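Me: I'm new to reading protein structures. Could you walk me through this one, feature by feature?

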Amino acid sequence: MLTSEAAAGAQKTVLITGVSRGLGKSLALELAKLGHTVIGCSRSQDKLSALQSELSSVSTSSISSDSSKNINKHLIMNVDVSSNSSVEELARSVVEKKAVPDIIVNNAGTINRNNRIWEVPTDEFDAVIDTNIKGTANMLRHFIPLMIEKKQGIIVNMSSGWGRSAAAQVAPYCASKWAVEGLTRAAAKELPPGMAIVALNPGVINTEMLQSCFGSSAALYQTPDSWAPKAATMILNLTSADNGKTCIAASPRENMHSCQRYAVTEGARVELAAGMGREQCFWLDGNRARWKSPFSRGGEILEKWMRVFKNWLNMDSDVELWTWTFF
Ligand SMILES: NC(=O)c1ccc[n+]([C@@H]2O[C@H](COP(=O)([O-])OP(=O)(O)OC[C@H]3O[C@@H](n4cnc5c(N)ncnc54)[C@H](OP(=O)(O)O)[C@@H]3O)[C@@H](O)[C@H]2O)c1
């Protein structure tokens, strides 16, 4: 069970990749606020310098009382996760500072510009694979041995709803996140007792990445700052018993906004209202579609109801109602 006590409990050292903006930055600041030590990296030096100052000022006013110790406790480095030597350098610095992390969040990621697979430029395809898959593998290569030495460690690989389903225009990204899921499950079978590796679908959050694939509709979604406290609690509560799990850091209700986007962008004369009732039902109320669904009952049932929904709205049957894939 998730508890917020653990979030504010024993101080941990958490390494997060991709901290210059978006989810990584908000998570880093949230963890610092809770008194934990952050090791962060990404490539934009100006943003990293700004974050280093923000972390220091958050820590001086954090729940940990000894502020003189807190000011410089965080380590922020310029690292390109797609480069094995750059990640090796990060690992070396961490060892030198005796700051082998308790938790690693492999968050750095990139997405291709919306395009059909045969129209995606080669360099963009490569960047997605190099960052999302090879970047994660580089981190595992250099940090798992350090964690094994300590006989403990939790690794969170940032996946996506699109690591468990598919959508048009983002095939390279989907391929990379399915790979992250596979990499995670296989690595889970190799870790010794005391450690865990999980794949985390963070939900849908309004970041630069979301703006790239959703355009202005990204504004319908939660901000990284409102996402971070929930994610931090979830991540800090992971234990070795979670090894190999696939996790999600969002409630279905937040992800429901994706349906609103669909209705708007397809020009359907409906507005969706999300319901969280126990029974699965779906009905039209004038021009308004209402929907209740217990998401815990799984994708197949949901898919069936989505088909019914599409018929009601007279949607073209081969238009994929991809929004449900976030659940
Ligand atoms: N936002 C969502 O709704 C959503 C949904 C599902 C999954 N995710 C996943 O969540 C993670 C964070 O996404 P986000 O939305 O926060 O994206 P974002 O706003 O685009 O931020 C991506 C971060 O990754 C860093 N990064 C990219 N390439 C890197 C590299 N080669 N080396 C080091 N750092 C690199 C970027 O910094 P620099 O460019 O400065 O290096 C940036 O800090 C990603 O793995 C993404 O796939 C997000």
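Predicted model: local features only at pLDDT ≥ 70, side-chain atom pairs only at ≥ 80, totals over all residues.

Me: Which residues of helix 5 and helix 6 make the contact?

Reply: On the helix 5 side, look for Asn84, Val87, Glu88, Ala91 and Val95. Helix 6 brings Asn138, Met139, His142, Phe143 and Leu146.

Me: How do I read the angle between two helices, say helix 6 and helix 7?

Reply: Compare the directions of the two axes; angles under 35 degrees count as roughly parallel. Helix 6 covers residues 122–150 and helix 7 covers residues 171–188, and they pack at about 15 degrees with their axes 9 Å apart. Helix 6 and helix 7 are therefore roughly parallel to each other. Their crossing is right-handed.

Me: What kinds of residues form the contact of helix 6 with helix 7?

Reply: They divide into 12 nonpolar, three polar and one charged.

Me: And what about the angle between helix 5 and helix 6?

Reply: Helix 5 spans residues 84–96, and its axis crosses that of helix 6 at roughly 25 degrees, the two coming within 8 Å. That makes helix 5 roughly parallel to helix 6.

Me: Now the inside. Why would nonpolar side chains gather there?

Reply: The general idea is that in soluble globular proteins, nonpolar side chains tend to be buried together. In this structure, the largest nonpolar core has 56 residues, and Leu27, Ala28, Val105, Val156 and Ile235 touch the most other members. Helix 9, residues 224–236, gives the most to this core, with seven residues.

Me: Which residues does Val156 touch, leaving aside its neighbours within four places in sequence?

Reply: Val156 is in contact with Ile103, Ile104, Val105, Asn106, Val198, Leu200 and Ile235. There is also a second, separate core of seven residues, with Ile111, Trp162, Tyr173 and Ala175 among them.

Me: Finally, how should I picture the whole chain?

Reply: Start with an inventory: the protein chain has 12 helices and 10 strands. Next, ask how much is buried: 40% of its 327 residues are. Last, ask how far apart in sequence the contacting residues are. Among contacts with a separation of 6 or more, 66% join residues 24 or more positions apart.

How values were computed. Residues numbered from 1 in each chain as written. Helix = DSSP H or I, 4+ residues; strand = E, 2+ residues; numbered from the N terminus. Buried ≥ 20, exposed ≤ 12 C-beta atoms within 10 Å, placed from the backbone. Contact = placed C-beta atoms within 7 Å. Axes fitted to C-alpha atoms, helices over the stretch in contact; angles between N-to-C directions. Parallel < 35°, antiparallel > 145°, perpendicular 65-115°, else oblique. Left-handed = near helix turned anticlockwise from the far one by under 90°. Nonpolar A, V, L, I, M, F, W, Y, C, P; charged D, E, K, R; others polar. Core = buried A, V, L, I, M, F, W, Y, C linked by C-beta atoms within 7 Å.
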